Amino acid sequence: MSTITEIVDVEVPVSTAYNQWTQFEEFPRFMEGVEEIRQVDATHTHWVTRFGGVTREFDATITEQHPDERVAWTSDSGPDHAGVITFHRLDDAHTRVTAQMDIDPEGFAENVADKLGILDRRVKGDMKRFKEFVEKRGGETGAWRGDVDRPGT
C-alpha cells in the first residue's frame, strides 16, 4: 500500500473549490486515466479508468463529506484505494486543497508504475489540472452541499 499526498493552492474561494470537487462526473476533464465517473446516489460512484492499456471498472463509497472541509472515500471493488481531500481557506479568494490517497496497486503495470513514482506524478498532475480547471472557469460547474458522516458517528 502506497500513500500519496499532494497539495495545491487554488485562486478561488473555498466554497468554489469544494463545490467543484463534489462534481465527480467532471473528473475526466482534469484526471488523467479517468474515462468516466457516474454518480449512482449521494454516497456511491462508479468509475471507469484506463492505465497502461488496461481498463478497470469499480465502485467507490463516499465515507465522509462536509461542505468546504473534506471529502473521503474508499473503493468497494476493483483496485484497493481510499483517500481524503481537504479544503483550507487561506483568505477570501484562495484555498489550499490537499489530497491524501492510499493506493494498493493491482496488476503488473500498476505495481511498476508505483515503484517508479508514476502514480505519484499522476496525482500531482491531476491536482495541477484541477487548479487550472477551476481557476480558468472562475466558478464551479455545480455543487452538492450535503453532509455524510463517518460510519459509526
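User: What is the order of elements from the N terminus on?

Analyst: The elements run β-α-β-β-β-β-β-β-α-α, with 3 helices and 7 strands in the protein. Helices (H or I, at least four residues) and strands (E, at least two) are DSSP runs, numbered from the N terminus. This is a predicted model, where local features need pLDDT of at least 70, side-chain atom pairs count only at pLDDT 80 or more, and totals for chains, interfaces and linings use all residues. Residues are numbered from 1 along each chain as its sequence is written, and side-chain values use heavy atoms, leaving out hydrogens and water.

User: Why does the radius of gyration agree with a compact globule?

Analyst: The rule for a globule is 2.2 Å times the number of residues to the power 0.38, with the radius taken over C-alpha atoms. For 153 residues a compact globule would come near 15 Å, and the protein has 15 Å, so the two agree.

User: What share of the residues is called buried?

Analyst: Buried means under 20% relative accessible area (1.4 Å probe, protein chains only). Of the 153 residues, 45% are buried.

User: Which residues of α1 and α3 meet?

Analyst: Contact means heavy atoms within 4.5 Å. Thr16, Ala17, Gln20 and Trp21 of α1 meet Met127, Phe130, Phe133, Val134 and Arg137 of α3.

Notes: Buried means under 20% relative accessible area, exposed over 50%, partly exposed in between (1.4 Å probe, protein chains only).
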